[in-house]
Structures are given as structure tokens and as C-alpha cells.
Amino acid sequence: MSDSPSLIVRGVWFMFVGWWLTGIVLGMAWLLNLTVVGLPIGIKLINKAPYTLTLKSLESEESVETVEMGGSSGGSSPGLLVRGVYFVLIGWWASGLLTLAAYLISLTVIGLPIGVKLFNYLPYVVSLKKY
């Protein structure tokens with residue numbers, strides 16, 4: 001059994017705190033990602049977005065997804081120079097659009113699983129690095 005609170009507690013959290021707090025956290029993360037110094041903190045905030053939204057423990061699901069994403073392509077990311085150019089030309093605005101889409105989709109109960117899945121792809125969209 002996971003360390004997540006009960007479904008009722010998570011539902012109440014989502015309705016009264018999670019939806020607006022996640023918007024603030026994602027906004028801060030995106031702004032931090034625009035700076036070289038803030039990028040690691042921004043990525044950590046993005047990785048915490050599903051928990052902030054629903055209080056769902058990330059231990060079991062995240063480890064499985066990380067292995068699948070990393071294992072399919074050998075676990076290597078492009079070099080730092082390529083990732084830097086990608087971030088300057090594409091990553092900053094593409095991550096902003098994906099952040100907005102994932103957040104808006106996750107505001108509906110039906111779209112919540114899709115929104116959380118999109119949050120999992122955000123670190124890669126920002127910097128082409130698999131986390």
C-alpha cells in the first residue's frame with residue numbers, strides 16, 4: 001500500500017487547494033526554467049506537480065515510467081550544447097504551451113490522468129533530458 005492519503009482526502013485537496021496551488025507552482029517552475037541558475041529547481045517543481053495537484057504518492061508509478069522512458073532509447077540524452085540550443089530555440093516556449101495545456105486538462109476530473117501524464121513529459125520538453 002502506498003503512502004498516499006485516502007481518495008476522499010485527495011479529492012478534497014484537489015477541489016480546495018490542489019488546482020490553484022499547482023497553477024502557482026507551474027508558473028514559478030516555468031519562470032525558473034527561463035534562467036540557467038533556476039533550471040534545476042524548475043525541473044524539480046515540475047516533477048512535484050502531480051503530487052501538488054492530487055497528493056498522489058509518486059514512488060511506484062514514477063520509477064516505472066522513468067525506467068520505460070530511459071530504457072527505450074538507451075538512457076542517453078543529447079549533449080549539453082545541443083540541449084542548450086534546443087532550449088533557447090524551442091524548449092522555453094514549447095514547455096510553456098505544454099505546461100498550460102497539461103494544467104488546463106488536469107482541471108477536469110476526466111482529463112486529470114491525461115494532465116498528470118503530460119506533466120511527466122515536461123522535463124524532457126524543457127531540456128531534452130530524461131529525468
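A nonpolar core is a set of buried Ala, Val, Leu, Ile, Met, Phe, Trp, Tyr and Cys residues joined through side-chain atoms within 4.5 Å, where buried means under 20% relative accessible area, exposed over 50%, and partly exposed in between (1.4 Å probe, protein chains only). The model examined here is predicted, and local features therefore need pLDDT of at least 70, side-chain atom pairs count only at pLDDT 80 or more, and totals for chains, interfaces and linings use all residues. Residues are numbered from 1 along each chain as its sequence is written, and side-chain values use heavy atoms, with hydrogens and water left out.

The largest nonpolar core has 19 residues, and those with the most contacts inside it are Leu26, Ile46, Leu53, Phe119, Leu122, Val125 and Val126. At least two residues of this core are supplied by each of α1, α2, α4 and α5 (112-127), helices being DSSP runs of H or I with at least four residues, numbered from the N terminus. The largest share of the core, six residues, comes from α4. Leaving aside neighbours within four places in sequence, Val126 is in contact (heavy atoms within 4.5 Å) with Asn33, Leu39, Ile43, Ile46, Tyr86, Phe87, Gly91 and Ser95.

A search of the whole structure finds one aromatic pair. The ring centres of Trp30 and Trp92 lie 6.5 Å apart with their planes at 45°, so the pair is tilted (ring centres within 6.5 Å, the six-membered ring being used for Trp; planes under 30 degrees apart are stacked, over 60 edge-to-face, the rest tilted). The pair links distant parts of the chain, with Trp30 in helix α1 and Trp92 in helix α4, 62 residues apart.
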